[in-house]
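Reader: Can you walk me through this one? I would like to start with the charged side chains.

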Amino acid sequence: MNALATRIASLIAVEGPLSVAQFMTLCLHDPAGGTYGARDPIGGDFITAPEISQTFGELLGLWTVQAWHDQGRPDGARLVELGPGRGTLMADALRAIAAAAPDFLAEAEVTLVEASPILESLQRDRLKTSAVDISWCKHFDSTLTDRPLFLLANEFFDCLPVRQFVKTAHGWHERMVTAENGALAFALAPAPVPPSMIPPDRAAAPDGGVYETAPAALALTEEIAAAIAAKGGAALIIDYGYDQPGFGETLQAVAGHKFAEVLAEPGESDLSAHVDFRALAKAAQNGGAAAYGPVTQCNFLADLGIGPRAEQLMIANPTQARGIADAVDRLVNPEKMGALFKVLAIAAKNAAPLPGF
Ligand code: SAH
């Protein structure tokens, strides 16, 4: 067992088994050994769209400006990014926004929500030459809901912790992480959960079927939607995930660009789960807003003009044309990231339709 696994096993010895969500939080955010708490996994363990092509952040910036424009250019908007990684998406978005609509930035407040001190310092460094003042906070909270809210989140919701419930002949039991014979292991909680905790469309699962839910993701989406319903703005959530829920689990560990064992080396792999977009859309509606999509990343980016933008870049940088085309292909090709990644947006019910949907 690595050092974090040993500490998790000691915690289990004192407090009893952990939910999968508690385990995931420790693996991701532990300050001494967590994937984000103690290091930067982006590039080494996995790669994200803004790190692949500058067109991604640029188009998200232009999407924001278009939504702001269509809502009557409200003064003093707030631009928020959740989980900004290395700050690349925001750097590219701000460059595009500054070119297309400098008046958006003149009045806007830009805030990055980042839990990891290590990633925050990378973001500060990446954005230090930015023309706008940027502030940071650790969590999305009510201080961010006072103005029209324009919010971007790429590969953020997949790292929010999931709970898992497994169907057995005796009802649904929560899947827990326990420690046995010097190793971490999965085990089912002995008592079943009340049937009301399982949504009706999952109740028909076969024995062994798994219901996975991300309570923090749902609560956060509802809070964002309520802020947008009250003050205007729009949110864009991009992630890998599904629209039609199944009966399988999606929790996964990735290290060095390969799948790894979830329990094997806590903190040394990146734990994430596929995003249940239907549940997020419902949470947005519960918050009083309208949900758009999900649509596939390939359709969304094509609609926003990734093709012409890539051509422009290739003409301006002929020696890099091949690399630019390959990077864009990776984002939009349905066999690469184009179909697995999906895009959900949130706006007030009476707002102008959002671009890309
Ligand atoms: N959006 C970036 C990074 C994705 S990795 C990109 O596309 O490249 C996930 C990011 O979310 C990291 O910056 C990570 O530190 C941050 N993060 C994960 N869980 C978080 C939480 N609960 N609160 C705030 N930030 C979190």
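**Salt bridges**

Author: The side chains of D125 and K128 form a salt bridge, 2.7 Å from N to O; the term means a side-chain nitrogen of Lys or Arg within 4 Å of a carboxyl oxygen of Asp or Glu. The model is predicted, so local features need pLDDT of at least 70 and side-chain atom pairs count only at pLDDT 80 or more, while totals for chains, interfaces and linings use all residues. Residues are numbered from 1 along each chain as its sequence is written, and side-chain values use heavy atoms, leaving out hydrogens and water.

Reader: Is K128 buried or exposed?

Author: K128 is exposed, at 59% relative accessible area, and D125 is partly exposed at 45%. Buried means under 20%, exposed over 50%, partly exposed in between (1.4 Å probe, protein chains only).

Reader: How many salt bridges by this rule?

Author: The count comes to 20. One of them joins R309 and E58, at 2.7 Å from N to O. R309 is in helix α11 (residues 306–316) and E58 in helix α4 (residues 54–70), so this pair ties together parts 251 residues apart in sequence. Helices here are DSSP runs of H or I with at least four residues, strands runs of E with at least two, numbered from the N terminus.

Reader: And which residues are linked with R309 in a network?

Author: E58, D92 and R95 are linked with R309 in a network of salt bridges. E58 is buried, with a relative accessible area of 4%, whereas R309 is partly exposed at 24%.

Reader: Switching topic, how many helices and strands?

Author: The protein chain has 12 helices and 16 strands.
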